[in-house]
Each structure stands twice: as C-alpha cells, then as structure tokens.
Amino acid sequence: MRILLVAPPGAGKGTQGALIANHFHVPHIATGDLLRDHVARRTELGLAVQECLDRGELVHDEIVLDMVRVELEKAKNQGRGYVLDGMPRNMPQARSIYQVARTLDMTADVVLHLVADDDELVRRLLARAALEHRSDDTEEVVRRRLAIYHDVTHPIVAWYDQRGILVAVDAMQPVDHVSRQILTALEAMRPLISLVPESARTSIDLTGLGEAFGER
Ligand code: AMP
C-alpha cells in the first residue's frame, strides 16, 4: 500500500501516519520528523532549515525532495509500500514527487486527506505546545502554518481528486474513530488496488460518515 497523507497542522497526521504504517508494515516517511531530526543533530541541513521550521514556513522544495527521494528508494528496497506524511505541501512538490515515484514505479495508490476546521486545529496545537514544546507551536506560528496550508497545500487536494485516488476523512472525531474509518477504507481498497488501473480509480468521501462509526 502506497499512501500520501495531506492534512493541516494539528489534524493528527503524525499519529494516523504511524498507525497506518504499522498496520500495513510499511515505512512511515514523515518529512517534519526527518527535518526536526536534522535540527536536533545540528547537521548542515538542520542548521540551514532551522529558521524556516521555527517560523512555520516551508523549507525549500529541493531540500525536502532530495530527502524524500532517498527514503522512497529505501522503501522500494524494503518492499515498495510507504506512508508519506508531510509531502507534498504545494503543487510543485506534488508534481516532483509524482515524477520521482514514477521513475521508481511507486506512485501513490491513495491520497488520504484529513479534514478539520481551523479553530479546533489551533486549540489542539496550542494544547500540544504545552506538552511537547515544539518551537513552531506558538499561536503566531500556528496561524502562519494554517495560512500556508490553505494557500498552497490544500489546493493540491483537488488535483488528487481529479486523479481519482482521494480518500477524505473527518479528523474532528476522536482519534480512534478517525483511525477506524481510515483503516476500514484502506482495507476495503487493498484487494482492488492491484486490479484497478490508476486511470480508473474513483475518489471516496468519508467526511459525512461520522455517525455511522459511533457518536463524536
Ligand atoms: P510537520 O511536522 O509536517 O507539521 O512539518 C513541520 C515543518 O517542517 C513545517 O512547518 C515546515 O517548516 C517543514 N516541512 C515539513 N514538510 C515539508 C515539506 N514537504 N516542504 C517544505 N517544508 C516542510
């Protein structure tokens, strides 16, 4: 299973990404984690990107693309599946990652879009700030990250919708409900993925199904 995760900050993409990767036994490639690891180790790359991370701005596309290319090559050697969390963040990244994946014969089967509203996201991110002390979880930076998400990241969702590989999930529900919906949808798709050509795939919208999976 090859999955891209597109979500605003605070929607739970790290948690859900790890869970999906664990469920399908594939690597979880989280660009934010990879970058924060470089910052923590004070590598050359880490020092170059630290200010961008602190300010909640996007790191240069090429830096992230080079990092992710290496991870996708590793994933290919390990068995070809992956959960890519945090990339693409804009249209040029969406195009580049598609080209890289095509050369590796590893284009995404599914793009998972976590949907949540801004007030809830700000509330969650500020609560997380109190626990994790991430440098980019102050209110000002959180609002900048959300603005960037709306301006340049969210528009790529429509592109994946047109390509017919989008699954949208309501991320305002409790974490375990969100996970259950995601895994149910992905498990239902799993046997079909190898049978249906990319061109014939249709997108799925689960955002209205909250009640069917229990009360919020
Ligand atoms: P995340 O953990 O996904 O919320 O990412 C944290 C920060 O890492 C972002 O605010 C950006 O500064 C940087 N970052 C992560 N992924 C990307 C990406 N694909 N392109 C550019 N910057 C990124």
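Which exposed residues does the face of α7 turned away from its buried side carry? I work here with a predicted model, in which local features need pLDDT of at least 70, side-chain atom pairs count only at pLDDT 80 or more, and totals for chains, interfaces and linings use all residues. Residues are numbered from 1 along each chain as its sequence is written, and side-chain values use heavy atoms, with hydrogens and water left out.

On that face I found E140 and D151, where exposed means over 50% relative accessible area, buried under 20% and partly exposed in between (1.4 Å probe, protein chains only). I took helices (H or I, at least four residues) and strands (E, at least two) as DSSP runs numbered from the N terminus.

I then listed the buried residues of α7, namely V141, V142, R145, L146, Y149 and T153. They lie on the same side of α7 because they cover an arc of only 140° around the axis, the arc being that of the directions from the helix axis to the C-beta atoms. I noted that these buried residues pack against β1, α3, β4 (110-115), α6 (118-132) and α8.

Next I looked up the largest nonpolar core, which has 31 residues; such a core is a set of buried Ala, Val, Leu, Ile, Met, Phe, Trp, Tyr and Cys residues joined through side-chain atoms within 4.5 Å. L72, Y82, L84 and Y160 have the most contacts inside this core, and α4 gives the most to it, with six residues. Apart from this core lies another, of 29 residues, among them M1, I3, V178 and A185.

Technical notes. Contact = heavy atoms within 4.5 Å.
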